[in-house]
Amino acid sequence: VDESVFRSLLEPVFDTMNYQGYYSEKTSEGTREGSAVFWSLDRFMQVEKSDRKTYAFHDLLPLLESNFESSASLTALLHKRSDLHRIVTTLLGHVLQFVPLQCRRGNPHPIWVANTHLFFHPRASHIRLLQIYLLGLQLGNELERFPGEVVLCGDFNSSLENAAGKLA
């Protein structure tokens with residue numbers, strides 16, 4: 001979603017219906033868009049800004065080193081190939097927007113809403129697979145600390161038949 005659309009249209013309209021929203025801008029070079037999620041304040045508690053999180057692709061790369069034996073070769077490749085390093089750190093944007101929703105009644109555990117927008121290029125299924133893998137690792141880390149249910153949504157730029165869709 002474009003930030004100006006979020007701020008000038010979506011947020012004011014949803015606010016009149018007693019919804020809270022969260023917008024996070026992609027960290028991609030030359031991009032003025034991001035992701036947004038809204039929730040009903042009739043059903044869920046208000047979420048403090050400090051509890052709303054956004055993770056960029058490059059922020060999650062260190063998870064590979066601690067969770068994937070072959071990550072050293074990926075890290076070495078990124079250090080060797082400045083062109084790939086630039087793409088990963090400046091063009092891929094965010095991978096995960098994460099909001100813990102606490103029901104006003106009932107369930108004492110939060111419902112974690114994870115929102116993503118995976119890389120779009122039709123010949124980049126390997127990038128989407130890596131993005132969804134990193135997303136899963138981060139969700140796992142969050143759920144270890146704060147158990148709850150997860151709702152994963154977003155634009156996967158993939159079908160459930162592709163590798164990223166199957167892993168999700």
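Which residues does R128 touch, not counting residues up to four places away in sequence? In this predicted model, the contacts of R128 are L118, F119, F120, H121, P122, F156, N157, S158 and A164. R128 itself sits in helix α5, which covers residues 125–145.

R128 is buried, yet it forms no salt bridge. The nearest side chain of opposite charge belongs to D155. That side chain is 8.3 Å away, and a salt bridge requires a side-chain nitrogen of Lys or Arg within 4 Å of a carboxyl oxygen of Asp or Glu. Backbone oxygens do lie by the side chain of R128. One is the backbone oxygen of H121, placed 2.7 Å from a polar atom of that side chain. Another is the backbone oxygen of N157, at 3.2 Å from a polar atom of the R128 side chain.

Aromatic rings were examined next. The structure contains 7 aromatic pairs. F98 and W112 are stacked, because their ring centres are 4.6 Å apart and their planes meet at 5°. This pair joins distant parts of the chain. F98 belongs to strand β4 (residues 94–101), and W112 belongs to strand β5 (residues 111–117). The two residues are 14 residues apart. Both F98 and W112 are buried.

Ring pairs also build a cluster. Its members are F6, F14, Y19, Y23 and F38.

Key. Residues numbered from 1 in each chain as written. Predicted model: local features only at pLDDT ≥ 70, side-chain atom pairs only at ≥ 80, totals over all residues. Heavy atoms only, no water. Helix = DSSP H or I, 4+ residues; strand = E, 2+ residues; numbered from the N terminus. Buried < 20%, exposed > 50% of the residue type's maximum accessible area, 1.4 Å probe, protein only. Lys, Arg positive; Asp, Glu negative; His and termini not counted. Polar contact = N/O pair within 3.5 Å; in protein donor to acceptor, adjacent residues only side chain to side chain. Contact = heavy atoms within 4.5 Å. Phe/Tyr/Trp six-rings, centres within 6.5 Å; stacked < 30°, edge-to-face > 60°.
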